[in-house]
Amino acid sequence: ELLGISSERMRDMIDRVLDISAIENMKVNLKLEKTDLSELTYTSIHNFDVIASQKEISIVDNIDKSSERYANVDPNYLVQVIDNLLSNAIKFSDRGKQIEVSLISENNHHEIVVKDQGPGISEEEQKSLFQAYTTLSSKPTEQERSTGLGLSIAYKFVKAMGGKIECHSKPGEGTAFNLIFDKA
């Protein structure tokens with residue numbers, strides 16, 4: 001079942017990558033719909049349980065599933081973004097560390113936060129973080145592959161949906177990525 005889910009997600013990701021030029025021209029056919037971010041984020045987190053456990057990494061789920069939090073997003077694109085952030089957090093974390101995923105509601109927006117205990121990212125590298133083919137000085141901890149495309153694609157998807165993506169990091173202190181969307 002997990003292989004089937006992973007295969008389907010990979011096929012969706014390939015489809016999304018093929019849409020990059022359309023996204024760059026802001027001509028992508030998004031299907032924005034009122035989406036429960038709690039449920040979507042929770043599902044994405046638990047799709048990575050097995051992968052994280054293989055590196056002895058725990059994913060701390062700070063999502064209140066009893067509270068619905070809606071935003072107008074394309075759920076398929078947003079899942080790809082969350083999956084990319086979780087995959088990166090696992091890739092760049094050492095064994096035995098933990099990743100926290102939170103959903104915070106503020107006055108007029110919701111924030112999905114993926115925070116790791118990895119090596120962190122310098123201010124200088126953060127300036128080019130969302131550019132295609134950017135590779136950082138930090139390397140995946142167990143020689144996992146990295147193309148340098150994931151964050152640039154995530155940035156374009158989030159922007160196309162009318163949201164924002166922010167990075168908060170200091171070397172040696174881990175990294176947090178915040179996805180910010182207006183409430184629906």
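**Overall architecture and nonpolar core**

The protein comprises seven helices and seven strands. In this predicted model, the order of elements from the N terminus is α-α-β-α-α-β-β-α-β-β-α-α-β-β. Of the 184 residues in the protein, 46% are buried. Among contacts between residues at least 6 apart in sequence, 74% join residues at least 24 apart.

The largest nonpolar core contains 37 residues, among which Leu78 and Leu179 touch the most other members. At least two residues of this core are supplied by each of the helices α3 (37-47), α5 (75-91) and α7 (150-160), and likewise by each of the strands β3 (70-73), β4 (98-105), β5 (109-115), β6 (164-169) and β7 (175-182). The greatest contribution to this core comes from α5, with eight residues. When residues up to four places away in sequence are not counted, Leu179 touches Leu78, Val81, Ile82, Leu85, His110, Glu111, Ile112, Val158, Lys164 and Ile165. In soluble globular proteins, nonpolar side chains tend to be buried together.

Helix α7 is largely enclosed by the rest of the structure, because eight of its 11 residues are buried. The buried residues of α7 are Gly150, Leu151, Ser152, Ile153, Ala154, Phe157, Val158 and Ala160; of these, Val158 is also one of the residues touched by Leu179. After α7 comes Gly162, which has a positive phi near 85 degrees.

Notes: Residues numbered from 1 in each chain as written. Predicted model: local features only at pLDDT ≥ 70, side-chain atom pairs only at ≥ 80, totals over all residues. Heavy atoms only, no water. Core = buried A, V, L, I, M, F, W, Y, C linked by side-chain atoms within 4.5 Å. Buried < 20%, exposed > 50% of the residue type's maximum accessible area, 1.4 Å probe, protein only. Helix = DSSP H or I, 4+ residues; strand = E, 2+ residues; numbered from the N terminus. Contact = heavy atoms within 4.5 Å.
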